[in-house]
Amino acid sequence: MLAAVLHAPNDLRIEEVKTPECGKDQLLIRVKAVGLCGSDIRTIFNGHKRISYPQILGHEIAGEIVQVGENVSKYHVGQRIYVSPTVPCFDCRACKNGWYCQCESLIVPGTTIPGGFAQFMVIPKDIIERGQIIEVPEGMSYEKAVMTEPLSSVYASQENADITLGDTVVIIGTGPIGCLHIELAKLRGAIKVIAIEMSEVRLQMAKQFGADYLINSKEEDPVARVKEITGNWGAEKVISANPSTEAQKQAIEMAAKRGKVIFFGGVAPGKLTDIDTNIVHYNQLTLIGHFGYDHLQNYKSFNLIASGRLVAENYITHVLPLAEIKKGIELTQSGEAIKVILQP
Ligand SMILES: [Zn+2]
Ligand SMILES: [Zn+2]
């Protein structure tokens, strides 16, 4: 089968590999759509501490079941499924606390086991028993189904931070994740959503998802502009969805009193953010580190897309064959694409 295999950081090869065999307790799927995620691109260039090479990446996966192991009774051939890549152990200290995305032995397709950048993929027993497989209803495309993955994390962060009716919400960074934040904040009842971005191309794309104000942080001071828009009050919720420490610093400066600042995007390892903690202290800010989502948040996100309440197709600007993954990476990095989906 054809697969995109990462042999080492910055050594991605499109090559023929042996099609995996379906064990007794496993499923084999024909991967129909797999999202190209910002984290995949980071891993392709910089590697990932949990990967052993060579590895097939890809964690935003949907496909059709083509083989069912003899011990598996829950599924049948021909079923169309979305496979969530968060598989907790339910046994470690974090899991026992109910913090599944903090699981100490989390299984993640595309990181700890082969992922979806391939024509076929084995769904192991662990995923069948402890992960989350959702049947994709007739009429819902595989491409739409894989948008569940990025949305789940966005959904979880907004639910955890209680973004709600009447909030003014700032989103810094309008890549695909930032755009999802904009639309979801509006769905949750935010009255003003302010999008901040350095790239004018990305900023203009953010408009269609419902941003009320667009700020190009290269051209104007985003903190001063947010203060101006909010009558010097600041925003109740500020989400930094980008890898910049400067943006994290600004996020704190533009938050309202008792506001919540969500650090959604990670920054380069070892890079420190220069924060005036007196602002946090006197304004009683809450800083929230966000990572991952739980099964219920994943399920709700899937349903938001399946119901059409969140219009997933608006994000999918490019659908490419797997062999053109490098083109997909370029389109994503240049800001020309919002979301690239690959068809292996
Ligand atoms: Zn992802
Ligand atoms: Zn665990």
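**Close-up views of a predicted model**

**View 1. The zinc ion (ligand 1) is held by Cys 37 (SG), His 59 (NE2), Glu 60 (OE) and Glu 149 (OE), at 2.2 to 2.5 Å.** Donors here are N, O and S atoms within 2.8 Å of the metal (3.2 Å for Na, K and Ca), and water is not among the atoms, so sites may look incomplete. Along the chain, the donors follow the spacing C-x21-H-E-x88-E. Cys 37 sits in the loop between strand S3 (27-36) and helix H1 (38-46), and His 59, 22 residues apart from it, in the loop between strand S4 (55-56) and strand S5 (60-68). Helices (H or I, at least four residues) and strands (E, at least two) are DSSP runs, numbered from the N terminus. This is a predicted model: local features need pLDDT of at least 70, side-chain atom pairs count only at pLDDT 80 or more, and totals for chains, interfaces and linings use all residues. Residues are numbered from 1 along each chain as its sequence is written, chains are lettered from A and ligands numbered from 1 in the order in which they are written, and side-chain values use heavy atoms, leaving out hydrogens and water.

**View 2. Ser 84 lies in strand S6 (residues 80-84).** Ser 84 has a relative accessible area of 1%, so it counts as buried (under 20%; exposed is over 50%, partly exposed in between; 1.4 Å probe, protein chains only). Beyond its neighbours within four places in sequence, Ser 84 is in contact (heavy atoms within 4.5 Å) with Gln 132, Tyr 293 and Asn 298.
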